[in-house]
Amino acid sequence: MHKLKVLVVDDEEGMRGGAVRSLESFRVQLEEFSDIVGFELKTAGDGASAIKLVQEWSPDILLLDYKLPDMTGIDVLSETEGKRDAQVIMITAFASLEVAVTATKRGAFDFLAKPFTPDELRGTVQKAARHVYLHRKARKLEEEKRQVRFEFISVLAHELKSPLAAVEGYMHLMRERMKGPELASYDSMVGRSITRLGGMRKLVLDLLDLTRLESGKKPRAIDRVDLAKAAGMAAESVASAAGAKNVTVELEVAEGLAMTADPGEVDMILSNLLTNAVKYNKKGGRAVLQLSRKDGEVAIRCSDTGIGMTEAELSRLFGEFVRMKNEHTRDIDGSGLGLSILKKVVKLYGGGIKVRSVYGEGSSFEITLKDASVSAPAAEPAKA
Amino acid sequence: MTTTKKNILVVDDDQDMLEQVSLTMTAEGYNVATARGQEEAEETLLQFIPDLAIIDLMMEHMDSGFALCHHIKKLYPEVPVILLTGVAAATGIDFSTRQGDASSWMKADILLDKPARPEQLRAEVKRLMRV
């Protein structure tokens, strides 16, 4: 249960007691959030003690009588302006338009005319409580979003700075002719610089893909995609990396198997899967990509005999910039965005991803995809 | 007359940075040992007594460099430590303006921005070892 603090300010003791009795066991159901709001109450009989309590206790809802012995309710609002985070309900026996306008200007949320029944009081407080609750919830979400964005940008800055620093460092050494006058002595420095710049380029491209997918701005060309051909192309794109590690890439796909999709997106999925299966494999290992039709959907399975993941690593797998850093992976290049992209593309096809992994033995990714409808427009904004 | 070579420990999780710093230091005639992270460095320190250490700040963890620096200073309080950081832009922390008060809790003798220019690195190493 969520507790909200209510301060009742009225010079009549009977009024204060009545309000407390009406609200102390009152509950507001917020079904859409499966939450209940209850109330914690305090009272004040004059303006000065009300101001003090507003500042020291920070109530969420302020039930404020207009006529107080030492000042008006409007004075209380003026005195606490900028120092309170409360929804104000003005209580008044003489509901003049002038008072209403001034109170609203000073931040009053609602009015309650005296005399009122306990039900009328509860109804008004319920409205204010809902408002406070929703407002807080929205604020919290906004803060979380800002935090996630800040973290994303911090990591991105680090990921972009590292290759730049590496290349810049090599440039310094080359300028100093650190390895003598022979140009050939610098081949490895040039080679490493090209590799690091390539990694950076891949990161920028992946980032663009991810942003386009998230914003729904990615243009799509839905067509009949020959999956055997698509798998062959994906295998070709990892051939040199696989050769370097002596990893065998095997394809199991029936001739003529096809689906309705954007060819670029299918390639993103298949290449992503195979790239990981090769990259995180052991020397001399196997990567198997299987495609078939099952219950009208396309089923993709990509398994490897690689280094595998621990349960903890598995649980973090689809986060952005999550690259499993351990002694097996530290020399493996990658943007850390591949699986985030994969997940978003699979979502466009109403599909799902299942991952199984045994540490030290290998991983397998299982994906299902539904055919896209031929007239599919630009991708819907994908939700994270 | 023969002088024994001075030992330098270089620690960085980025293979390229590691290579660059050790190349610069080897060319200067130092004896260099390298490690790819805090743990590996701590193992190396069991057999290798450095006269100076050059450490990357962010390795396995955000603060691996600090932890390692602390470890070295505990073992060998007199050994100067240079921390390399590329972190300033990512966090908004400007270490350079906080050198004075920061170094007291970081224990590092100096913080240099990544990538450190070879001439800068050489000068700082010489200064700290009073060569």
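Predicted model: local features only at pLDDT ≥ 70, side-chain atom pairs only at ≥ 80, totals over all residues.

Reader: How many residues of chain A and of chain B are in contact with each other?

Author: The contact involves 19 residues of chain A and 18 residues of chain B. On the chain A side, helix 5 (118-175) and helix 6 (187-215) each contribute at least two residues, and helix 5 of chain A gives the most, with 12 residues. Sorted by class, the residues on that side of chain A are eight charged, six nonpolar and five polar.

Reader: Staying with helix 5 of chain A, where does helix 1 of chain A meet it?

Author: Ala19(A), Ser22(A) and Leu23(A) of helix 1 meet Pro118(A), Leu121(A), Arg122(A) and Val125(A) of helix 5. The axes of these two helices of chain A come within 10 Å and cross at roughly 65 degrees, and the crossing is right-handed. By class, five nonpolar residues, one polar and one charged make up this contact between helix 1 and helix 5 of chain A.

Reader: Which strands does helix 1 of chain A lie across?

Author: Helix 1 (residues 13-24) of chain A lies across strand 1, strand 3 and strand 4 (61-65) of chain A, and the helix runs at about 165 degrees to strand 3. Those strands belong to an open sheet of six strands in chain A, with mixed pairing and the order 2-3-1-4-5-6. From one strand to the next, the twist in that sheet averages 25 degrees.

Reader: How do strand 1 and strand 3 of chain A pair?

Author: Strand 1 (residues 2-9) and strand 3 (residues 35-44) of chain A pair in the parallel sense, over eight bridges. As one point to find on your screen, Leu7(A) stands opposite Lys42(A) in strand 3 of chain A.

Reader: Let me change topic to the sheet with the order 8-10-11-13-12; what kind of pairing does it have?

Author: That one is an open sheet of five strands in chain A, and its pairing is mixed.

Reader: Why are strand 8 and strand 12 of chain A left without a neighbour on one side?

Author: Strand 8 (248-253) and strand 12 of chain A stand at the edges of the sheet and each has a single partner strand, so one side of each has no neighbour in the sheet. The twist averages 10 degrees from one strand to the next.

Reader: How many bridges join strand 12 to strand 13 of chain A?

Author: Strand 12 (residues 352-358) and strand 13 of chain A run antiparallel and are joined by seven bridges, with Val355(A) having Phe365(A) in strand 13 as its bridge partner. The two strands of chain A form a hairpin with three residues between them, and in the turn Gly360(A) has a positive phi of about 85 degrees. Elsewhere in the sheet, strand 10 and strand 11 of chain A pair in the antiparallel sense over eight bridges, and Leu291(A) stands opposite Ile300(A) in strand 11 of chain A. Helix 9 of chain A packs on the sheet, where it touches strand 8, strand 10, strand 11 and strand 13 of chain A.

Reader: Now for the cores: how many residues has the largest nonpolar core?

Author: The largest nonpolar core has 38 residues, and Ile269(A), Leu273(A) and Val345(A) are among those with the most contacts inside it. Helix 9 (263-279) of chain A is one of the elements that give two or more residues to this core, and its eight residues are the largest share.

Reader: Which residues is Val345(A) in contact with, leaving aside its neighbours within four places in sequence?

Author: With those neighbours left aside, Val345(A) is in contact with Leu213(A), Glu265(A), Met268(A) and Ile269(A). Another core lies apart from the largest one and has 36 residues, including Val32(B), Ile82(B), Leu111(B) and Ala116(B).

Note on methods:
Residues numbered from 1 in each chain as written. Chains lettered and ligands numbered in written order. Contact = placed C-beta atoms within 7 Å. Helix = DSSP H or I, 4+ residues; strand = E, 2+ residues; numbered from the N terminus. Nonpolar A, V, L, I, M, F, W, Y, C, P; charged D, E, K, R; others polar. Pairing = 2+ DSSP bridges. Axes fitted to C-alpha atoms, helices over the stretch in contact; angles between N-to-C directions. Core = buried A, V, L, I, M, F, W, Y, C linked by C-beta atoms within 7 Å. Buried ≥ 20, exposed ≤ 12 C-beta atoms within 10 Å, placed from the backbone. Left-handed = near helix turned anticlockwise from the far one by under 90°.
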